[in-house]
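Trainee: I have a structure open and some questions about how to read it. Could we go through it together?

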Amino acid sequence: MTGHEIRESFLKFFETKGHKILPSASLIPTGDPSILWTAAGMVPFKPYFTGAARPDFTRVTTCQKCIRTPDIESVGRTARHHTFFEMLGNFSFGDYFKESAIPWAWEYVTEHLRLQPEQLWITIYQDDDEAFDIWHRVVGVPADRIVRMGKDTNFWEIGVGPCGPCSEIHVDLGAERGCGEPGCAVGCECDRWLEIWNLVFIQYFRDEEGNYSPLANKGIDTGMGLERVASVLQSVPTNFETDLLREIVDFTAELFGLKYGVDSKTDLALKVIADHCRAITFAVTDGALPSNEGRGYVIRRLLRRAVRFGRLLGMQGHFMSQVAATVIRQMGSAYPELVEKKDHVLKVILAEEERFGETLVQGTEMLNQIIAGLKASGGEVIPGASAFKLYDTYGFPLELTQEMAAEQGLTVDSDGFGESMEGQRQRARSARQENEYISERDAFFKELREQVGPTNFVGYNSLEAEASVLGILTGGERVPSASAGQEIEFVLKVTPCYAESGGQVGDHARVTAPGLKIEVFEVKKPVENLFVHRGKITSGVIKEGDLVQVQVDSTRRAAICRNHSATHLLHKALKEVLGGHVNQAGSLVEPERLRFDFTHYAAMSEEELKRVEGIVNRAVLANLPVEVFETSVAEARALGAAALFGEKYGERVRAVKMGDFSLELCGGTHLCSTAEAGLFKLVGESSVGAGLRRIEAVTGEGALSYIDEREEQFAEIARLLKAPPQEATHRVEGLLQNLKDLEAESELLQARLARYQVQDLLDRIKEVKGVKVLAGQAAAPDIDSLRGMVDLLRDKIGSGVIVLGSEASGKVSLVAAVTKDLLARGLHAGKLIKAVAAVVGGGGGGRPELAQAGGKDPSCLKEALELAYQVAGNQIKDS
């Protein structure tokens, strides 16, 4: 069976068992900042297992795209490690349990995948007698092929929250694939025993004290690695020989003029490139972009690691976008979003590869400096810490550093490199301590919702409501009442207040009852369908069971609606002006302004910004009706609706349509007509990361205030220029031309003064051990001018040492230079300047031939410059 046939077979099998087939979720987890990537099939369903949300279906099956990077160094070196892989899974949310999950798993692997029962071994948690009985008595697996294992391998838990025992299906690939050790058996890390399917039985809840209590609604979470199963069914030794990866490997080999399967080092590089390119291609498609932090750093690291392996194979040109095109061609039928975003993905990958080419040049320069320094000091081994810095900062693999060092007769401290690498891994492990599966606070609100029931939100159609008080909290604890002066959280049976979500801030409101007044300044949904209001009691007492009146701040809500509807218009306008690759990457909708982050490769031009602003304002003036309706996901997609960043959608979705101009899936509050926005004004466009731009804008009253402020500023400028407003531009142009003329005249005078100073400074040359040394103070306004004077002096003396110092604004600048012919005699500008700078209370350094420093004490400058002669003399070796 091909990989595509296995994927289809699995999903169809569970569809016959009453499961809903859902498409793969994004690799970027929605609404879960605790994790960078979707790393398992259950990640999109985490709220259902915790009880924070209710599923539309109790039985679900998926093929989930996943990324994991902790074992990145193992990719290509083992048969089964990947950064990107596909996870087949079936899930039950309070529906069936072990009695169905286990027999179905056996049925699928033996009857549909046609694996031989005598090849299969089962592991279970050591105390899970229920699973043993089902495997042995119901399914018929011999008892001696069911292995009980410990908590470290066969019990799934992450901190506080749902957890439970696991059962795994392993395939025995034969003794010839094994390690040959006497104790080799199921659980051995060798290639003989391949785990293909893990069944997790979610049946307990672990509290913060580590106690386990049975869950009323048990769950099933299974995961089968598609690539692993394909390797078994296709009888190939590694996942890279399966049809899911071999085409990409072979394309890369052909591109490089090589052949896979001839040389182990070549094969390793080809496998790394194929694996990493799959991860990068899918991640960029889902909205990730290379950057220096978070998931963006992961993408950057993967791409640069792949490029480095390409360089080691002799490929100097750009190749990753070509490999990515092969990934898209091969996987596009299963994941059509790859094809839809192909142009965007290839542009991002090519741009990042070009950027890495520039850093490789910088890294080479740094390595050359390290080699020159070692040779000058008589060293023969590049320190491991230096090699690691090249790896970490410039993406140099250890092998490349070793190769370039060997060309110069040097070696690299590989053990020291390994120590630095392990140190970084330890820091990374500490930084990514696994978050609790469900926080204590979330668990509290989940229990509260079960006690009081869900909140009925009526705020789409009404800004006021009468409601009963279901719960009051102070300091995180439930209390029966609260009084004036206290800041509280409380839950109502009904609320017109919008809770913060999807980038839109929550409402403000006033809650009243006879003698009671509460100012609400925050509304959130800690768990699905539970609205928690935070406010301060300004008068009276509130008690559970009270009937209160809730009135949303209508002026503030209207401003928020203007800005939220404007983000939809802005999104569509950006796509029209910049192209279909534009996708929302985040937003903030407040009453005062809107902020919109989107994918794009470059800063927008003034012309593009004007076009976008014009398109939005024309849509506002067109008085387009804003319609809100519910539909199915499939129908919404068929209509061309786009899902907004950060939203969660069930089977039924809420769509917001603005005439024939815009259609988005959105849960926020909106205008009734685009004309209600009044006016849309862009106020800023900036970068927030590689391939990510941000626009800030205002509407309505905010736009009028912005224009008023600009008009006042313009009028003030005109007053300062003593010119009518209509002549201000002409007057400024005249002043700028005068300034330009004066700056040119100043530069001319500065150059003339520098030449005079150079002549005076030449008189300070002293001969020290046969070397000309010049140290003196110069009148230079900045470090650049001081360097320019050093260059002039170096040209004049031909061979020698120069140290210049200057004072400006109470600070000292120092520059030292050594002509190249004197480096062999031990002179080093960086070390020289460091000693001199210490006298003026500063520090600095640089290359052997040129260095600069700063200082805080100008009164010691003369003493420091005199010291330069002595330090230079101490450095000079006999020729």
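Trainee: What percentage of the 879 residues of the protein count as buried?

Mentor: Remember that this is a predicted model. A residue is buried if its relative accessible area is under 20%. Of the 879 residues, the share that passes is 50%.

Trainee: How many helices and strands does the protein have?

Mentor: Along its principal axes, the C-alpha trace spans about 100 × 85 × 50 Å. Among contacts between residues at least 6 apart in sequence, 68% join residues at least 24 apart. The count of elements is 24 helices and 36 strands.

Trainee: Which way do H1 and H3 lie: parallel, antiparallel, perpendicular or oblique to each other?

Mentor: Start with the axes. Those of H1 (residues 3-15) and H3 (residues 98-112) come within 11 Å and cross at roughly 135°. Angles of 65 to 115 degrees count as roughly perpendicular and those over 145 as roughly antiparallel. The two helices are therefore oblique.

Trainee: Which residues of H3 make the contact with H1?

Mentor: The crossing of H1 and H3 is right-handed. From H1 come Ile6, Ser9, Phe10, Phe13 and Phe14. From H3 come Trp104, Glu107, Tyr108 and His112.

Trainee: How many of the residues of strand S4 are buried?

Mentor: Look at both faces of S4 (residues 120-125). Leu120, Ile122 and Ile124 point one way, and Trp121, Thr123 and Tyr125 point the other way. Both groups are buried.

Trainee: Which residue in S5 stands opposite Ile122?

Mentor: S4 has pairings with S7 and S5. With S7 (residues 161-172) the sense is antiparallel, over 5 bridges, and Thr123 stands opposite Glu168 there. With S5 (residues 146-149) the strands run parallel, joined by 4 bridges. In S5, the residue facing Ile122 is Ile146.

Trainee: In what order do the strands of the open sheet with S23 and S29 stand?

Mentor: S23 (584-589) and S29 (680-689) each pair on one side only. The sheet has 4 strands, with antiparallel pairing. On average, neighbouring strands are turned by 15° against each other, direction ignored. The order is S23-S24-S30-S29.

Trainee: What angle does helix H20 make with S30?

Mentor: Helix H18 (residues 606-621) packs on this sheet, touching S29 and S30 (692-699). Its direction makes about 135° with that of S29. Helix H20 (residues 700-721) also packs on the sheet and touches S29 and S30. Its angle with S30 is about 95°.

Trainee: Which residue in S24 is the bridge partner of Leu588?

Mentor: Look at the pairing of S23 with S24 (residues 594-599). The sense is antiparallel, over 5 bridges. The partner of Leu588 is Arg595.

Trainee: Which residue in the turn between S27 and S28 has a positive phi?

Mentor: S27 (residues 652-658) and S28 run antiparallel, joined by 4 bridges. Val656 stands opposite Glu664 in S28. The two strands form a hairpin with 3 residues between them. In that turn, the residue with a positive phi, about 55°, is Gly659.

Key:
Residues are numbered from 1 along each chain as its sequence is written. This is a predicted model: local features need pLDDT of at least 70, side-chain atom pairs count only at pLDDT 80 or more; totals for chains, interfaces and linings use all residues. Side-chain values use heavy atoms; hydrogens and water are left out. Two strands pair if DSSP finds at least two bridges between them. Axes are lines fitted to C-alpha atoms, for helices over the stretch in contact, and angles run from 0 to 180 degrees between N-to-C directions. Contact means heavy atoms within 4.5 Å. Buried means under 20% relative accessible area, exposed over 50%, partly exposed in between (1.4 Å probe, protein chains only). Angles under 35 degrees count as roughly parallel, over 145 as roughly antiparallel, 65 to 115 as roughly perpendicular and the rest as oblique. A crossing is left-handed if the near helix is turned anticlockwise from the far one by less than a right angle, and right-handed if clockwise.
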